[in-house]
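Open the structure in your viewer and keep the selection tool at hand. The tour stops at the ligand and then at the aromatic rings.

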Amino acid sequence: MKRIYMDNNATTPLSPEVLEAMLPFMKGVFGNASSIHSFGQEAAKALEAARKQVADLIGAEPKEIVFTSGGTEADNLAIRGVLEANPGKRHVVTSRIEHHAVLHTLKGLEKQGIEVTYVGVDSHGLVDPVEVAAAAGSGTALVTIMTANNETGSVQPIAEIAAALSGKGAVFHTDAVQALGKIPLDAGKLGVQLASFSSHKIHGPKGIGALFVSRGTRIKPIITGGHHERNMRAGTENVPAIVGFGKACAIAAADLEAESARLAALRDRLQKGILKIVQDVKLNGHPSRRLPNTLNLSFAFVEGESLLLNLDLKGIAVSTGSACSSGDLKPSHVLMSMGLSAEQAHGSLRFSLGRENTGEDVEKTIKTVAEVVEKVRAMSPLSKGARKNG
Ligand SMILES: *Cc1c(COP(=O)(O)O)cnc(C)c1O
């Protein structure tokens, strides 16, 4: 059975070209990029070439890229680093639908006396720039709002928020992990001072990411030691992973327009196909201001978890809520913040398409989803009662 992977917002398969680019640095080229000799210089050269590839994808200067161990560390560096550099300011503004890398970090900081304002979202999962700006005052060190949501794909009005924040004196950070390589990103045009990225969401290796730090931003490191990464992140650089991340960015830059259009067409076909043949399905997220690869649906009268397990038995991998909360029975904080009922949130599935998906995969998925939903609904007492009454 050919398995179909539609969980690319959780992670993506490593691209073969990325692996090829990494291999020399896992074999002969082993130098420490901080060493002065030729072994070190080979590594340093590769590191700087990769930094430029990452910077080019987001319209930044290579100097503005700090490599981290991933998106989670980049979010931590942004939040903790800005608070540390601005000890007189003890307030942060964020949204209710952020990734746990942001929300759990802020929850911990609240216990240490940091005050956090959580801005809500509308039924499409979007924040209001005016509300975000109104929440920021003279004591606000940081505003952190994600560019695109991992569960629904909804894309926030980041440039509008940046404009509304101008003159407030707060640093503006965005978790752009899901947006990278899927929609055009220009750090300058977005108007953010900090942005987080992760390699494994764009067919690069796991365990590597970056924080964009615009020139002049007040921020301190959270991992201290040697003078790596312009004193922003100590520790001998993971050169093979960084080279792989750079290559993944170069491929994403070259393919972005065509691949986004291809994915959007496949996603729309999947969405239309399911909505046409399955009754009582609701689209979650903004219909158009959305990542091209993401489809989140709520199926009435069933648990998303049972749909997921049944689809997995048929070789189709999707997700409920975010991957990080699997095994956890709480309904998605993102969907609940958008006003869904706990039942609707529990009945949700996320399909996130990627480079390896084809039209055939989409047709097979539509057919299989219809079969699985019918089977699970037939067994569900919830379904019979609800349908008899309504
Ligand atoms: C995956 C993800 C992260 C975490 O990135 P890691 O590299 O896995 O640590 C952070 N934010 C968002 C929106 C994500 O989707």
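Select the ligand and S198: an N or O atom in the side chain of S198 is 2.6 Å from an oxygen atom of the ligand, a polar contact (a pair of N or O atoms within 3.5 Å). This is a predicted model, in which local features need pLDDT of at least 70 and side-chain atom pairs pLDDT 80 or more, while totals for chains, interfaces and linings use all residues. Residues are numbered from 1 along each chain as its sequence is written, and side-chain values use heavy atoms, without hydrogens and water.

Next pick G71; here a backbone N or O atom lies 2.8 Å from a ligand oxygen.

Helix α3 (residues 71–85) gives the most, with 3 residues.

Move on to the aromatic pairs, meaning rings with centres within 6.5 Å (planes under 30 degrees apart are stacked, over 60 edge-to-face, the rest tilted). The whole structure has 2 of them. Select F30 and F39: their ring centres are 5.6 Å apart and their planes at 45 degrees, so this pair is tilted.

Then select F67 and F245, an edge-to-face pair with 6.3 Å between centres and 70 degrees between planes. F67 sits in strand β2 (residues 65–68) and F245 in helix α9 (residues 239–277), 178 residues apart.

Notes
Polar contact = N/O pair within 3.5 Å; in protein donor to acceptor, adjacent residues only side chain to side chain. Helix = DSSP H or I, 4+ residues; strand = E, 2+ residues; numbered from the N terminus. Phe/Tyr/Trp six-rings, centres within 6.5 Å; stacked < 30°, edge-to-face > 60°.
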